[in-house]
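Open the model in your viewer and keep the selection panel at hand. This tour goes stop by stop.

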Amino acid sequence: MTVKAASHLRGKDLVGIDQLSPEEIQLLLDTAEQMQEIAKRPIKKVPALRGKTVVNLFMEPSTRTRFSFEVAEKRLSADSLNFSSSGTSVEKGETLLDTARNLEAMQPDFIVIRHRYAGAPHQLARALKSSVVNAGDGAHEHPTQALLDALTIRQKRGTLAGQVVAIAGDLAYSRVVRSNVILLSRMGATVRVAGPPSLVPPGIEALGCEVHYRLEDAIAGADVVMMLRIQLERQGKMNFPTVREYYDFFGLTPERVKLAKKDALVMHPGPMNRGVEIDSRVADGPQSVILEQVTNGVAVRMAVLYLLAGGHGEPVAD
Amino acid sequence: MSRLLIRHARVVDPSQRLDEGRDILIEDGVIARIAERIDGKGAEVLDAAGLVAAPGFIDVHVHLREPGFEYKETVATGSAAAVAGGFTAVCCMANTDPVNDNAAVTEFIRTRAAEAGLARVYPIGAVSKGLDGEEMAEIGEMVRAGAVAVSDDGRPVKNAQLMRRALEYTRLFDIPVIDHCEDHDLVAKGVMHEGPVSTRLGLRGISAASEDVMVARDLILAELTGGRLHVAHASTLGAISRVRNGKARGIAVTCEVTPHHLALTDQAVADTEYDTNTKMNPPLRSDEHAAALLDGVLDGTVDCLATDHAPHHADEKALEFDQAPFGVIGLETALPVTYDLLVRGKKMPLSRFVALWSTNPARIMRLPGGTLKVGSPADLTLFDPEARRTVDPDTFRSASRNTPFAGRKLRGWPFMTIVGGKVAFRRERR
């Protein structure tokens with residue numbers, strides 16, 4: 001399967017992978033590769049978004065994603081404003097719509113939003129003229145994470161089509177799994193997901209994946225093994241017994257990694273619970289590309305902002 | 001003597017097996033005569049050519065929000081919405097503040113309704129004090145004050161023993177216990193129907209099983225006690241099939257279905273990208289459930305339609321999907337939504353349609369309406385089966401606007417609502 005890159009993105013916003021065609025995904029990944037070149041320069045900055053304002057609206061704790069967006073914005077010469085709050089609009093006595101209208105009044109070009117509730121970026125996108133970029137909404141989507149994962153796989157394995165990717169862990173509350181399954185299956189990869197049956201949401205196969213309960217079955221012969229963070233803070237006490245038992249059945253140990261292809265990639269979106277879903281020997285081992293994922297995150301976010309701003313062609317040309 | 005003559009209507013009254021062109025004469029608020037041609041001397045004459053005249057439509061499940069939540073709706077605005085939607089009577093749920101769990105609140109609601117002077121308003125009392133699901137409320141006192149049923153709606157009657165006792169105790173008054181069938185533990189923090197759509201949208205699901213479990217429990221208790229069980233807003237295949245089986249076993253069970261559960265599915269949440277006007281409880285279900293509801297309506301398992309009219313302020317609905325309150329309004333869209341779906345779409349006979357909205361609700365709640373027999377109160381709903389209009393929330397009489405049907409083009413709109421011989425609502429015909 002070869003996908004020709006689109007010439008531009010159709011939407012004003014990036015609220016989810018679900019809205020993207022394979023051609024648009026290809027364009028984003030190709031553009032991200034060009035952005036990577038900027039990071040290798042002595043002066044890591046281009047004027048592509050000079051005069052553009054980006055509001056980073058993080059209404060849920062985040063370090064990696066927020067810093068990654070900020071670095072991306074600075075490298076493109078955009079002006080960034082950071083707004084952090086762990087609360088929701090309702091806790092502050094303001095509706096999401098009011099928050100949105102207040103932000104709009106400051107005339108930003110972009111709003112990058114991280115929110116604990118699914119759909120919040122869509123509600124903003126509907127109400128605002130600014131481009132809305134979803135930096136993770138509830139258990140729904142995390143599109144830039146899926147794009148950076150795809151970029152990492154493509155660069156390490158040469159292609160996405162035909163790759164067998166195993167994704168394991170907390171499938172019910174993970175936004176990373178939804179975006180990844182949709183993106184990878186759309187680009188021709190075979191996706192297997194695995195997790196305790198009590199954490200497998202109904203109909204997840206409809207997103208484009210095979211469902212396994214045993215981790216070993218999902219990993220066998222895979223090109224990529226991606227572990228998901230167990231969202232300890234989101235768990236009730238009824239989904240699985242203990243962290244200890246979880247590690248016993250779903251922890252990625254060196255023995256289990258051997259079931260995958262010899263040169264399989266080990267990935268994790270972070271932050272990791274070492275000793276829960278992944279053993280440190282694996283996380284820090286030779287097959288791990290976890291830190292490269294972080295590096296690629298900046299390039300992907302540059303590409304997203306650049307393309308949503310209407311950019312095309314060589315971003316580096318002044 | 002006040003005389004009102006309705007001319008040239010197509011009179012559809014299942015209680016008399018009537019579906020013919022007729023004139024109707026109303027004298028002093030009572031049906032005086034129905035005949036092919038009535039001399040209108042001395043009477044005010046209303047030309048109803050092209051309109052269907054039916055016994056007044058009754059909505060057995062509305063939330064009027066007064067006392068306590070007047071910013072969402074009042075008895076007056078809710079009554080105005082009712083008659084504008086073609087309803088001559090509504091039964092209002094007890095989850096107000098204070099809760100309608102005693103005769104004083106019941107009387108207050110009836111006083112407010114009399115002041116508004118539009119639709120007939122029949123309060124439903126709480127099963128338990130404060131809707132807490134533990135102690136039985138003073139049901140008899142409320143019945144004496146005008147309550148026609150009891151329900152903790154908004155919540156299930158969680159304690160099975162209380163449900164049992166309520167089904168037993170209400171036999172004294174021959175009133176139904178209406179249950180909002182939902183197992184709270186199974187619902188957990190769900191906000192929409194659990195299935196592939198909730199998975200794709202990343203929203204926590206409310207399984208169909210959470211409703212089925214409670215319907216099954218209630219049927220077992222209804223069979224044990226001989227009490228009358230009415231299942232509110234049935235939304236699942238399992239609920240319908242259990243009610244169907246229960247009826248076959250001779251259990252005194254009835255059930256209602258809402259227009260939105262018939263006309264919409266969980267796909268609406270995805271299609272509208274998390275529009276909070278698609279959030280209600282029970283949630284919009286998947287295709288197979290909506291199809292089972294329709295089967296139940298067509299085969300008679302479903303006794304009546306009801307809106308579960310649940311007004312919420314726009315500010316509350318402007319929140320994140322998870323945070324917005326459950327509920328949509330329905331009084332002013334119910335008739336065309338169901339007419340379009342059932343009569344136009346499924347070729348349901350008009351008499352059956354009228355039975356679902358009038359004859360049957362009157363029978364379940366033992367209300368005086370539901371018929372145009374001579375001597376009955378002159379409560380009539382007149383609607384135009386051909387009139388096509390677009391749903392425009394700005395024209396609603398309700399104090400709230402939270403409808404999932406905005407912008408829909410529908411047929412079968414009410415044009416005149418007569419309550420006790422008085423024209424309570426009239427829409428200009430174009």
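**Stop 1: Salt bridges**

Over all chains, the structure holds 44 salt bridges. A salt bridge here is a side-chain nitrogen of Lys or Arg within 4 Å of a carboxyl oxygen of Asp or Glu. You are looking at a predicted model, where local features need pLDDT of at least 70, side-chain atom pairs count only at pLDDT 80 or more, and totals for chains, interfaces and linings use all residues. Residues are numbered from 1 along each chain as its sequence is written, chains are lettered from A and ligands numbered from 1 in the order in which they are written, and side-chain values use heavy atoms, with hydrogens and water left out.

Select Asp18(A) and Arg186(A). They form a salt bridge, with the closest N and O atoms 2.8 Å apart. Asp18(A) lies in the segment before α1 (22–39) of chain A and Arg186(A) in helix α6 (residues 175–186) of chain A, so the pair ties together parts that are 168 residues apart in sequence. Helices (H or I, at least four residues) and strands (E, at least two) are DSSP runs, numbered from the N terminus.

**Stop 2: Where the chains meet**

What joins Asp18(A) and Arg200(B)? A salt bridge does, and its closest N and O atoms are 2.9 Å apart. Across the interface of chain B and chain A, the rule finds one salt bridge. Helix α6 (residues 196–201) of chain B gives the most to the side of chain B that touches chain A: four residues. That side of chain B divides into seven nonpolar, six polar and eight charged residues. Ala, Val, Leu, Ile, Met, Phe, Trp, Tyr, Cys and Pro count as nonpolar, Asp, Glu, Lys and Arg as charged, and the others, Gly among them, as polar.

Now show both sides. The contact (heavy atoms within 4.5 Å) takes 21 residues from chain B and 28 residues from chain A. The two chains bury about 2,000 Å² between them, 55% of it on carbon and sulfur atoms. In chain B, select Thr199(B), Arg200(B) and Glu320(B): they lose the most area to chain A, together 36% of what that side buries. Buried area is the accessible area (1.4 Å probe) that two parts lose on being put together, summed over both.

**Stop 3: Cavities**

How many cavities of 30 Å³ or more does the structure hold? It holds three. On a 1 Å grid over the protein atoms alone, a cavity is a set of points where a 1.4 Å probe fits but cannot get out, and a pocket is an open set with protein on both sides within 12 Å along at least five of seven lines; lining residues have an atom within 4 Å of a point. Grid points are joined across faces, edges and corners, and a volume is the space filled by probe spheres set on the points.

The largest cavity has a volume of about 80 Å³. Select Arg64(A), Gln145(A), Leu148(A), Pro269(A) and Val294(A): of the 13 lining residues, these are the closest to its centre. Then colour α11(A), which gives the largest share of this lining, five residues. By class, the lining has four nonpolar, seven polar and two charged residues.

Move to the second largest cavity, with about 60 Å³ of space. Its lining includes Gly56(B), Tyr122(B) and Asp379(B). The elements that give two or more residues to it are β7 (87–92) and β8 (120–123) of chain B.

**Stop 4**

The peptide bond from Asn281(B) to Pro282(B) is cis, with omega near 0°. Pro282(B) is in the loop between α10 (267–271) and α11 (287–299) of chain B.

Next, select Glu66(B) and Pro67(B). A cis peptide bond joins them, with omega about 5°. Look for Pro67(B) in the loop between β6 (57–62) and α1 (75–84) of chain B.
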